[in-house]
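This report describes a single protein chain, shown below.

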Amino acid sequence: MNADHGKMLMRCINSSHSCFTNFTLERSFFASYELLEDLGVIQIPLKPCLAIFKSLSSINSCQLKVDLDECRVVFNISCKLGIKKVYKLTFEDIGDIAAKYSVEDCPNKISCRARLLTEALQHNF
């Protein structure tokens, strides 16, 4: 995960660096977006993140905070029926993540609305 004042980049790459996914969430994607300081590039384990969002239909809102002092990403989830959940995932500060590919070999770019992306990704995780 990498964030700046205009967007958040989320990347996932396999161990052999041959397959990756890159999501860019523009500032307009969020109801509220505030970045107080530069995060650099941090790594969060994928499986716990997937567990947090396994039942998207019950989530009303999600607040994401990065605690640099404790090296944690905190997800505050507000669910239906007034249920609130807090998940704290430890992160690592890492270098840039890059897959072994050539930009010239990848001319395609997919852009879509959040709802369509959510529906497509639910079937893959």
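K84 lies in strand β7, which covers residues 84-90. The coordinates belong to a predicted model. With a relative accessibility of 67%, K84 counts as exposed, because the cut-off for that class is over 50%. Apart from neighbours within four places in sequence, K84 is in contact with I77 and S78. One of these, S78, is also the bridge partner of K84. Between K84 and N60 there are 24 positions in sequence, and their C-alpha atoms are 9.9 Å apart.

**The sheet around K84**

Strand β7 belongs to an open sheet of three strands in the order β5-β6-β7, paired antiparallel. Its edge strands are β5 (59-67) and β7, each of which pairs on one side only. Neighbouring strands in this sheet are turned against each other by 15 degrees on average, with direction ignored.

The two pairings are set out below.

| Strand pair | Bridges | Residues between the strands | Turn residue with positive phi |
|---|---|---|---|
| β5 and β6 | eight bridges | four residues | C71, about 55 degrees |
| β6 and β7 | seven bridges | four residues | L81, about 65 degrees |

Both rows describe hairpins: β5 and β6 form one, and β6 and β7 form another. S78 has a bridge partner on each of the two other strands: S61 pairs with S78 in β6, and S78 pairs with K84 in β7.

Is β6 enclosed or open to the outside? Six of its eight residues are buried, so β6 is largely enclosed by the rest of the structure.

**Core**

The largest nonpolar core has 17 residues. Those with the most contacts inside this core are M1, A3, I44, V73, F75, I77 and L89. Both α1 (46-52) and β6 (72-79) supply at least two residues of the core. The largest share, four residues, comes from β6. In soluble globular proteins, nonpolar side chains tend to be buried together.

Leaving aside neighbours within four places in sequence, F75 is in contact with C49, I52, F53, C62, Q63, L64, K85, V86, Y87 and L89. I77, another residue listed for the core, is in contact with K84.

**Salt bridge**

How many salt bridges does the structure hold? The structure holds one. E70 and R72 form this salt bridge, with 3.8 Å between the closest N and O atoms. The pair falls within the cut-off of 4 Å that defines a salt bridge. R72 has a relative accessible area of 27% and is therefore partly exposed, lying between the limits of 20% and 50%. Side chains of opposite charge can pair when their charged atoms come close.

**The whole protein**

The protein has two helices and eight strands. Along the sequence these follow the pattern β-β-β-β-α-β-β-β-β-α. Of the 125 residues, 19% are buried. Among contacts with a separation of 6 or more, 44% join residues 24 or more positions apart. The protein exposes about 9600 Å², and carbon and sulfur atoms supply 52% of that area.

Key: Residues are numbered from 1 along each chain as its sequence is written. This is a predicted model: local features need pLDDT of at least 70, side-chain atom pairs count only at pLDDT 80 or more; totals for chains, interfaces and linings use all residues. Side-chain values use heavy atoms; hydrogens and water are left out. Buried means under 20% relative accessible area, exposed over 50%, partly exposed in between (1.4 Å probe, protein chains only). Contact means heavy atoms within 4.5 Å. Accessible areas come from the Shrake-Rupley method with a 1.4 Å probe; for residues, only the protein chains shown count as cover. A nonpolar core is a set of buried Ala, Val, Leu, Ile, Met, Phe, Trp, Tyr and Cys residues joined through side-chain atoms within 4.5 Å. A salt bridge is a side-chain nitrogen of Lys or Arg within 4 Å of a carboxyl oxygen of Asp or Glu. Two strands pair if DSSP finds at least two bridges between them. Axes are lines fitted to C-alpha atoms, for helices over the stretch in contact, and angles run from 0 to 180 degrees between N-to-C directions.
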